[in-house]
There are 2 protein chains.
Amino acid sequence: MNKFFKLKLSILLLISIIISGLIGSALTTFFFRNQLMTTQKNKEAVVKLIDEVWSKGNLQIVDQLIAPQYTIRHDPGDQWEGKTLDLATYKERVRMSRHVFPDQKFYIEDIVANDDKVAISWHFTGTPKGNIPGLPATNKTVSVSGLTIYYFSGDKIIGHWQIVDRLGFLGQLDMQKGRPKVIK
Amino acid sequence: MNKFFKLKLSILLLISIIISGLIGSALTTFFFRNQLMTTQKNKEAVVKLIDEVWSKGNLQIVDQLIAPQYTIRHDPGDQWEGKTLDLATYKERVRMSRHVFPDQKFYIEDIVANDDKVAISWHFTGTPKGNIPGLPATNKTVSVSGLTIYYFSGDKIIGHWQIVDRLGFLGQLDMQKGRPKVIK
């Protein structure tokens, strides 16, 4: 073998080593990235649900985000707890909440997510408009905090498990006679 | 070049390609695994905290799990809300809870974790032993559910953000006069 051939051979070997290393790395990255990107997409879907649907009342995008069967796995005090809702009922749920508190806003405090789950801690503010029996208009904005885990199947949210600080909430509302009056 | 040399060369090339591919993949996996393993360790620490410390009262392991400065970021109704606790005060917190409910158990429903955060949904059961003014012994086991996000720094838990369904809890307790009596 002459020197020139040896050099060519060394270069070929070096290039093969570098390329294979990169390919191995790229394939592995692709595998992990896919997982991370799904989690990222799920987070974005939850942020959109909270900002657009619950805080702004944009019901047009509910079908993009919510699965046709949405289960309220756990949500003490919620009238649909344990039930599976269709899309029309999910929209009704948002509409009812916004009927009581037309200016309602949810602020996401923090997000934790992995695989098909997104947990958020949040604060709510809203002013009751007095259109619900037993809940008079006070022009006083109330606030409440909560934590929710949202569950995904594919790119749709299929349900939640939630705790709202109902006691703190009630303490701020000027409940009428016959309803519990709790001082925070 | 003879045939034997060509064969040796091809084998050398093939081996280099395979080994570099594997090394590239391994390095990348190592990078991602490190992240995943931290999350896994954090999850295990939270499970240990709940099972051993809160459900069994094993205070010896608090120092392994909890940072010397532990902040209760948000926890409506908790007497230490907003405060930063030292280890002695953290242990006192567990002791007080177990004094009211000596048989208390926490059951983790689900875990969501990424980076330095672990969120858990949980159920609590406990029987008040009547050693707290205003909270008589009923021999009735009460249950309550909640959601908590635990925050880590290194391998220690540095705080939490929590919502407990206090209203559901109060509804089950036979509160004495002068205390709020709320029917669930």
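Predicted model: local features only at pLDDT ≥ 70, side-chain atom pairs only at ≥ 80, totals over all residues.
## Overall form of chain A

Chain A contains 4 helices and 6 strands, and, read from the N terminus, these elements follow one another in the order α-α-β-β-α-β-β-β-β-α. The C-alpha trace of chain A spans about 100 × 30 × 25 Å along its principal axes. In keeping with this outline, chain A has a radius of gyration of 26 Å, whereas a compact globule of 184 residues would have one near 16 Å.

Of the 184 residues in chain A, 46% count as buried.

A nonpolar patch on the surface is formed by A:Leu7, A:Ile11, A:Ile15, A:Ile19, A:Ile23 and A:Leu27, which together have about 580 Å² of accessible area. A:Leu27 belongs to helix H1 of chain A, which covers residues 3-54. With a relative accessible area of 59%, A:Leu27 is classed as exposed, because the cut-off for that class is over 50%.

A:Thr39 also has its place in helix H1 of chain A, but A:Thr39 has a relative accessible area of 14% and is therefore classed as buried, since that class takes in values under 20%. When its neighbours within four places in sequence are left aside, A:Thr39 is in contact with A:Ala113, A:Asn114 and A:Asp115.

## A buried asparagine in chain B

In chain B, helix H1 likewise covers residues 3-54, and B:Asn42 is found in it. Is B:Asn42 buried or exposed? Its relative accessible area is 3%, so B:Asn42 counts as buried under the 20% cut-off.

If residues up to four places away in sequence are not counted, B:Asn42 touches B:Asp115, B:Asp116, B:Val118, B:Phe152 and B:Gly154. For one of these, B:Asp115, the backbone oxygen lies 3.2 Å from a polar atom of the side chain of B:Asn42. A further distance can be given for B:Asn42 and B:Thr84, which are 42 residues apart along the chain and have C-alpha atoms separated by 21 Å.

Technical notes. Residues numbered from 1 in each chain as written. Chains lettered and ligands numbered in written order. Heavy atoms only, no water. Patch = residues over 30% accessible without salt bridge, like charges linked within 9 Å, V, L, I, M, F, W, Y side chains within 5 Å. Areas by Shrake-Rupley, 256 points an atom, 1.4 Å probe, with all protein chains shown as cover. Salt bridge = Lys/Arg side-chain N within 4 Å of Asp/Glu carboxyl O. Helix = DSSP H or I, 4+ residues; strand = E, 2+ residues; numbered from the N terminus. Buried < 20%, exposed > 50% of the residue type's maximum accessible area, 1.4 Å probe, protein only. Contact = heavy atoms within 4.5 Å. Polar contact = N/O pair within 3.5 Å; in protein donor to acceptor, adjacent residues only side chain to side chain. Rg over C-alpha atoms; globule rule 2.2 N^0.38 Å.
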